[in-house]
Amino acid sequence: MQTEEMRLDGNAVGGALRDLFAADVTGARVTCMGCGKIGPLGTLLQYGHTMGIVLRCPVCDMALLRIVREPGSLHVDMSGLSFMTIPDVR
Amino acid sequence: MADTPFIARGFHRSRPPTPAGRLPPGQYETRDFPVLSAGPTPRTSLTAWDFTISDRSEHRMRWSWIEFLQLPHEKPTVDIHCVTKWSKFGTTWEGVSVDTLIRAARDAGVEPAEYVVAFSDGGYTTNLPLADLAGGKAWVAFGYEGSPLPPEHGGPARLVVPHLYFWKSAKWVRGLRFVERDEPGFWEQLGYHNRGDPWREQRYQGDV
Amino acid sequence: MSELASSTAGGGNAIVPARLEWRVATVVDVHDETRHARTIVLDAPDWPGHRAGQHVDVRLVAEDGYQAQRSYSIASPPEESSISLTVERLDDGEVSSYLCDVLRPGDGLELRGPIGGYFVWSVAVGGPLFLIGGGSGIVPLMAMLRHHARADEGIRARIPVHLLYSARTWDDVIYRDELTGMANQRGVGITFTLTRESPPGWHGFHRRIDPAMLQETGWAPADEPLAFVCGPTPLVESVASMFVELGHEPARVRTERFGPTG
């Protein structure tokens, strides 16, 4: 089974990201540090499976967001993401 | 967060825990080979592929694919353990012992160091002590179960270090860098252990 | 205790807790849609409401502490007070087989949600609406269709909706009767394509979705349809590319991948 057949997208981690952000961020616009591509977080490609969440740019594959949940802690790396615009719920 | 979790009526794990012995703590046995990747499958042509070992002074030893295949091969059969809790017994590989590679690199003037960073196509890295790569403990494998290593499992070649959690066995490996100080790799930066011994359950950084 | 953002009631996502909490919903009904899929109807206490396209995370905890978690799209429209999930039973699925074979009315089910701010649609967004689904990818699209069906006639007249649904066989089509019924509504187009066997006398499509099929069942780029594609990852990715190759704006197609089987 190829990785590409299995991969999900940013929609699938919307729940997990609520542990980090106070709002739903699947519709947030994110800018890739690697190539400058701007698009909704829901369009990022998800890898990492049970080890952690890795959301990558669909254009250049750069990792924009990486999260590992360890019992008692959440480790987060957002260095691949240069800007993020989160829609105001209200 | 609830103190007492809600127990789902009639739900239990689908696989009964295997008794200890061959299984490190917290693991269960699987018969399949789950594919876990941190990114898309790289597609490097064999003409473009090379494997390099370098030190901090940039001394380097390099093999092309053809040169690599001409090195002595071994066919280890080993148990492998993933930090996501599955273990697979008796996996068979074909590859070059890392000892062979390090010896050749040394002869070419590359200075080993206490720690190593293994790096792969696609940008994946993992760090481990040199002591865990030397002494018949690790291979760069290009064959699995008698066939060429498939891309989703790391082909054309991957690192195989079975005595550590399998995220250390970098898929699509392209080389090793000797470093004086331990340099956390892709998963280690996010909290996974610098060494990763499954028998001591070294899953995360804080684990002893 | 979660803090609630100050809000007024009335349509859509008015109330969003600062932290998404797990809550225990009660199963009120289960019924089979096909031999592989079952709908579970739930009552969730203090449910804040949801938008069509959103999903919930479901968590199962065994007595020994073993946990498994999966995401399921909400099949019911926002207008209904209870939540429906349609679950496809996967061969080795420990969660899907529990939900399809063990769970029964009266049981509790732990979930959190609603989740999703990208793959969502409501009549306020407008159309024309082009829904493309494969396998269990029909579920969030069904919530959108049901929401559309509840709108008043004026709105429905303004927003045509077409569904293109790819399934292996006629017996694998989830919500089959409801969908064929919807096809009688003005402005609603329902097209099935069967990729394995078709029943005797079948005059519909009998192949995988391709650009010609998208052109025939959808709208031209000049009409600026809004497309939602959901199902197995390979289907979603190929349909989304086809859509763009046909000349539609990439931003007008939204995708949700369900993984290998979907």
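**Sheet, fold and contact in a predicted model**

In chain A, strand 6 (residues 63-70) pairs with strand 7 in the antiparallel sense over five bridges. Strands are DSSP runs of E with at least two residues, helices are runs of H or I with at least four, and both are numbered from the N terminus. Two strands pair if DSSP finds at least two bridges between them. This is a predicted model, where local features need pLDDT of at least 70, side-chain atom pairs count only at pLDDT 80 or more, and totals for chains, interfaces and linings use all residues. Residues are numbered from 1 along each chain as its sequence is written, while chains are lettered from A and ligands numbered from 1 in the order in which they are written.

Now chain C. It has six helices and 11 strands. Its C-alpha atoms fill a box of roughly 50 × 45 × 30 Å along the principal axes. Of its 262 residues, 44% count as buried (20 or more other C-beta atoms within 10 Å of their own, with C-beta atoms placed from the backbone).

The two chains also meet. The contact (C-beta atoms, placed from the backbone, within 7 Å) takes 22 residues from chain A and 22 residues from chain C. On chain A, helix 1 (3-6), strand 1 and helix 2 (14-17) each supply at least two residues of the side that touches chain C.

Notes:
A residue is buried if 20 or more other C-beta atoms lie within 10 Å of its own, exposed if 12 or fewer, and partly exposed in between; C-beta atoms are placed from the backbone. Two residues are in contact if their C-beta atoms, placed from the backbone, lie within 7 Å.
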